[in-house]
Amino acid sequence: MTTPDPRSIAADHGLETEMTTATLLLVEDDARIREALRLALGDEGYDVVEAATGEQALTRLADEPLPDVVLLDLMLPGIDGLEVCARIREQGDLPIIMVTARTAPHEVIAGLEAGADDYVTKPVDAGELGARIRALLRRARAGENDLPSSLQLGDLTVRVTEGRVLRGSTEIPLTKTEFRLLCTLVTARGAVVTREQLLERVWDYGYFGDTRLLDVHIRRLRRKVEPDPGQPTHIVTVRGVGYRAESGAPPAQ
Amino acid sequence: MAWFSLVSLVVAGVLALATWHLSTGYMLDQRERSAIRQAKGNARLVTQVLERGSAGLDELLTGLVAEVESAVLLVDQGDLIVGGNSVDPTRLPTAFLDMVRNGRPAHQRTVLNGIPVQAVGLPLPAKAATYVEVSPMREMDRTFRFLSWLLIGGTLVSGLAGAVLGRWAATHSLRPLRQVTDAAAEAARGDLSVRLPATGDPDLIPLAAAFNDTAERLQQRVARDTRFAGDVSHELRSPLTTMLNAMSVLHRRSAELPAGTRQAVELLNTDLRRFRRMVDDLLEISRGDQDQDYSTFELVDLAGLVQATGPTLPESVLDIEARPWVLADRRRLERVVANLLDNAGRHGGGLVRLGVLTREDRARIEVDDAGPGVPEEAREHIFERFARGSPARREATDSGAGLGLALVTQHVRRHHGHAWVEARPGGGARFVVELPEVTD
């Protein structure tokens, strides 16, 4: 049986057509998994570029055009996934989904701290990956239509349509997920946003969203936007419920 | 406890009876001897007076009465001379009097005018007379009454003390044994981490040591087995990922396949998904067994979590009676609720009610289904690993991996809670998860 051309399958079945075909960089050292994922993701309508090692991935990322999403296995020979993740983050906000065989809390957290936007654990199929990718791309192509173009949070200016955050005139570099998280909180205008709502609005998760994903992103966001991340005044925890955006006049506690 | 008090009551009663018999017997005996001795002495005096002629006899008798505080009777050739005030010696039993008159000394205890007395009769053969002395035993009677009260009281007190002691023994001295019983029951419920605390009771030290040793070995063995299952599942991840993705290509194109092949692909697809769920659950179970990380525990609004877990449920099914706070690992608790909902849908004929409530400082989740309920004898069994419904129901295309409820038990135990199933009033099963409520 010859390998079917993924694009022709996609065309045959009239799959939900994205405006442009998204390109994925699949970094995976196991050839069989890489092959199967390439087939299945291709079947879902994506352009899949493969890399077997961290070095190959970084080489590929040095060239334009960049992929839309990176699927990154954490266990790689040579430069490991965490390192690759951190290097990609140094370059910019390219969306990263880590694909991991590890579920120990600290390993997942390490990956998220290194800058991943989301994570899935093996075994994973193309359907689930597709859902995560779509959520990320939706995020990446931000710009809700019914939002004001700019919002103020204390000394922060959130340019919603541009996807930028400024403190005074200095831009704060946020990943697209961090930006979306901030936007979701700011547009609630001081109301509490529950963890469930955040997981759903930012990551498209139903009830199986992992709190660690949210926790790490809140931590990352605070490091970037809070004057003192240890004493957050912009993104305030509402114990047991969720988070709330505040203008940042430090409350006398 | 009842036995304890009964036994001590019987023992005390027997002792009291024996005491009564011995002491009253001894005292009566002494009293009798002294009465006889006294009567003999007095009889001699009376004989001497009679030998000298009857002058001074009245005087002597009055004197004797005053001295011994007793009535004295002298029968001399048909004459009756009575001295004394408190008792009437003529009312003595005739058999006794006849015996003395016939020349034989006699003594008898009897009651005269309501007063217990000791009567001693001595024939005076020289004078063909009879001397009878009757001494009342008021003192002795009082003593006996006092003694009887003392013994009855003592017996009752001892019975009561026995009851108290029994109670104390049951609650205090048997406490270590009850600990053993509780620990064994806890282990039987599946918590192999129970250990008995060090005890100072030399009788219990070997028992506690043996119990702890057994529990330790069992726990290690279970941990080894689980680790093995976890390792195997971990190794299965890679081939499973390959299979799942290859299958998703095949499945998408199944419409193009010939009917027979399509059926085969469907079969394969269904079981591959079940296989995958099993591996996921096994990994989760083996992880939970080893995971000592409690840093993910936080304050959680239980009702909010339950509502978020079943967002598509109709309003009529949700029954939020209270909004308790619990200390929980959100992900695990969501998994608990999801598995119970899944179970209700898969085995219970559909969800009827999803309740959140509090009962005595415990927060509760109740999941009611419309199924046939769980028979009493299977209620513990279904929470075990790889326990599944009846063989008939196992025939169904997808009956789950059989780990869902085991995961519920494991996760709930991690939250220091309990999970069980009971009959729902009105039919069907009610799965209950109880967690410690956090109150400020």
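Trainee: How many other C-beta atoms lie within 10 Å of Arg331(B)?

Mentor: There are 19 of them, so Arg331(B) counts as partly exposed. Here a residue is buried with 20 or more other C-beta atoms within 10 Å of its own, exposed with 12 or fewer, and partly exposed in between, the C-beta atoms being placed from the backbone. Before we go on, please remember that this is a predicted model, where local features need pLDDT of at least 70 and side-chain atom pairs count only at pLDDT 80 or more, while totals for chains, interfaces and linings use all residues. Residues are numbered from 1 along each chain as its sequence is written, and chains are lettered from A and ligands numbered from 1 in the order in which they are written.

Now find Arg331(B) in helix 9 of chain B, which covers residues 330–347. Helices are DSSP runs of H or I with at least four residues, strands are runs of E with at least two, and both are numbered from the N terminus. Phe297(B) is 34 residues away along the chain, and its C-alpha atom lies 9.7 Å from that of Arg331(B). Leaving out residues up to four places away in sequence, Arg331(B) touches Asp210(A) and Thr211(A). Touching, or contact, means that the C-beta atoms, placed from the backbone, lie within 7 Å.

Those partners take us to the place where the chains meet: 27 residues of chain A are in contact with 31 residues of chain B. On the chain A side, helix 2 (31–43) and helix 6 (126–140) are the elements that give two or more residues. Helix 2 of chain A supplies the largest share, 7 residues. By class, this side has 13 nonpolar, 6 polar and 8 charged residues. Ala, Val, Leu, Ile, Met, Phe, Trp, Tyr, Cys and Pro count as nonpolar, Asp, Glu, Lys and Arg as charged, and the others, Gly among them, as polar.

Chain B has 11 helices and 12 strands, and 30% of its 440 residues are buried. Of its contacts with a separation of 6 or more, 62% join residues 24 or more positions apart. An unreviewed UniProt entry annotates residues 6–28 and 146–170 of chain B as "transmembrane region"; such annotations may be inferred rather than shown by experiment. Residues 6–28 of chain B are 100% helix and 0% strand, with end C-alpha atoms 32 Å apart. Residues 146–170 of chain B are also 100% helix and 0% strand, and there the end C-alpha atoms are 36 Å apart.

Among the buried ones are Phe179(A), Arg180(A) and Leu182(A). Leu182(A) is also one of the residues that touch the most other members of the largest nonpolar core, which has 68 residues. A nonpolar core is a set of buried Ala, Val, Leu, Ile, Met, Phe, Trp, Tyr and Cys residues joined through C-beta atoms within 7 Å. A second, separate core of 45 residues includes Ile285(B), Val352(B), Ile365(B) and Val433(B).

Notes: Contact = placed C-beta atoms within 7 Å.
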